[in-house]
Amino acid sequence: MKNLAVITCAALGLWALDCSNVLAQAPKTFTLKFNHVLGPKEPYHDGFLKWAKAVEQRTNGGLKIDVFHSAQLGLEEDIIEQIRQGANIGQNTDAARMGNYVPGIAVMNGPYFAETLEEVAKLRKAPTVAKWQEELATKFGLKVVSFNWVQGYRHFFTNKPIKTPDDLKGLRIRTPPAPIWQESIRALGAVPVAMAFGDMYPGLQQRAIDGVELVYNNIPGGRFYEVLKVANETRHIMLINFEVVSAKWFDSLPKEYQDALVEEADRAGEETSRQILRLEEEVEQQLKSRGMTINKDVDLAAFRKAGDKAFEVLKITDARNAVHKEIGK
């Protein structure tokens with residue numbers, strides 16, 4: 001646009017009319033570097049690319065999103081700190097990590113907090129959730145663009161069948177490094193081990209951990225079927241993901257760009273979430289063909305009861321109950 005303005009001014013001999021004014025009026029462009037830890041074959045990566053394309057088209061190239069998979073820009077926790085400093089970087093993260101700043105919001109990644117996409121949709125209108133998001137932005141510089149991205153249900157993947165919380169006793173299960181994850185896995189019966197996503201496969205090979213708790217779509221991408229034998233369908237967490245950017249950077253965008261970023265993120269998130277849930281059955285069959293056992297004989301009532309302890313330990317039971325009341329759960 002600027003080059004065109006220069007050429008036009010020069011061609012018409014209008015330098016005397018202060019061509020710098022023409023250049024100054026050229027629309028400013030913005031770029032967001034968006035990071036996530038998942039591989040390029042994961043449904044989320046394709047969803048983020050669709051989000052980026054929709055935003056660029058809607059803003060006529062004024063706002064461009066460059067998507068980086070496999071933590072190419074760095075570890076999640078490091079990226080979040082860069083975001084807080086105002087960098088034009090975004091990160092796919094979760095309520096558990098946001099709970100390090102606003103403790104109450106961590107309930108959204110607690111055991112059996114939300115169990116359907118319809119419940120997740122209701123959370124967008126819950127006053128308590130809106131209050132938490134406002135606090136993240138104003139006090140900590142973290143703007144939640146969307147949490148309409150559901151990665152599926154987290155299950156325990158181990159080398160033995162798990163039916164009740166007692167079956168997890170003594171097993172070292174990898175979790176992300178956030179209190180709600182740690183306490184959730186401990187409440188459900190296992191020993192939580194904080195470990196980066198990329199360290200899980202070698203950790204299983206070296207027996208530093210006995211299993212992982214992930215969504216189905218993580219398993220083929222990480223080739224975990226090579227080192228784990230059983231998928232135990234505990235459905236203990238419906239994994240709600242947050243797309244986060246710098247509040248300072250977001251506020252610098254024109255209003256129409258802000259709207260495009262948020263609305264297209266929600267739209268792509270809903271589409272991707274529904275696709276992931278549809279794909280779960282296909283992934284199950286794929287894992288069976290690779291030698292894994294799918295264990296559906298799980299006492300969900302026992303796991304739900306055990307999961308309550310996580311909220312009690314972190315003193316966020318009241319926060320969970322308040323949101324549940326707001327969404328009619």
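The lining of the largest cavity comprises two nonpolar, three polar and three charged residues. This is a predicted model, and what I report today has been computed from it. The residues around the largest cavity are P43, D46, G47, K50, A268, E271, T272 and Q275. Two elements, α3 (43-58) and α12, each give two or more residues to that lining. The space inside amounts to about 40 Å³. How many cavities of 30 Å³ or more are there by this rule? The count comes to one.

Let me turn to the pockets. The largest pocket holds about 690 Å³ of space. Its lining consists of 35 residues, and those nearest the centre of the pocket are V37, L38, R174, F197 and G198. By class, this lining divides into 16 nonpolar, eleven polar and eight charged residues. Which elements supply at least two residues each to the lining of the largest pocket? They are the helices α4 (76-84) and α10 (218-222), together with the strands β3 (89-94), β4 (142-158) and β8 (230-246).

The second largest pocket contains about 190 Å³ of space. Around it stand T158, N159, K160, L171, L204, Q205, R207, I209, D210 and V227. Four residues of this lining are nonpolar, three are polar and three are charged.

Is Q258 buried or exposed? Its relative accessibility is 14%, and because buried means under 20%, Q258 counts as buried. The side chain of Q258 reaches the backbone oxygen of L253 at a distance of 3.3 Å. If neighbours within four places in sequence are left aside, Q258 is in contact with F250, D251 and L253.

R223 is not a glycine, yet it has a positive phi of about 55°. Its place is in the loop between α10 and β8. With a relative accessibility of 40%, R223 counts as partly exposed. The other is R235, a residue other than glycine whose phi is also positive, near 50°. R235 lies in strand β8. Its relative accessibility is 35%, so R235 too counts as partly exposed. Both α10 and β8 are among the elements that supply at least two residues to the lining of the largest pocket.

Finally, some values for the chain as a whole. It has 14 helices and nine strands. The C-alpha trace spans about 85 × 45 × 30 Å along its principal axes. Of the 329 residues in the chain, 51% are buried. The accessible surface comes to about 15200 Å², and carbon and sulfur atoms account for 50% of that area. Where contacts join residues at least 6 apart in sequence, 75% of them link residues at least 24 apart.

Thank you for your attention.

Note on methods: Residues are numbered from 1 along each chain as its sequence is written. This is a predicted model: local features need pLDDT of at least 70, side-chain atom pairs count only at pLDDT 80 or more; totals for chains, interfaces and linings use all residues. Side-chain values use heavy atoms; hydrogens and water are left out. On a 1 Å grid over the protein atoms alone, a cavity is a set of points where a 1.4 Å probe fits but cannot get out, and a pocket is an open set with protein on both sides within 12 Å along at least five of seven lines; lining residues have an atom within 4 Å of a point. Grid points are joined across faces, edges and corners, and a volume is the space filled by probe spheres set on the points. Helices (H or I, at least four residues) and strands (E, at least two) are DSSP runs, numbered from the N terminus. Ala, Val, Leu, Ile, Met, Phe, Trp, Tyr, Cys and Pro count as nonpolar, Asp, Glu, Lys and Arg as charged, and the others, Gly among them, as polar. Buried means under 20% relative accessible area, exposed over 50%, partly exposed in between (1.4 Å probe, protein chains only). A polar contact is a pair of N or O atoms within 3.5 Å; within protein, one must be able to donate a hydrogen and the other to accept it, and residues adjacent in sequence count only if both atoms are side-chain atoms. Contact means heavy atoms within 4.5 Å. Accessible areas come from the Shrake-Rupley method with a 1.4 Å probe; for residues, only the protein chains shown count as cover.
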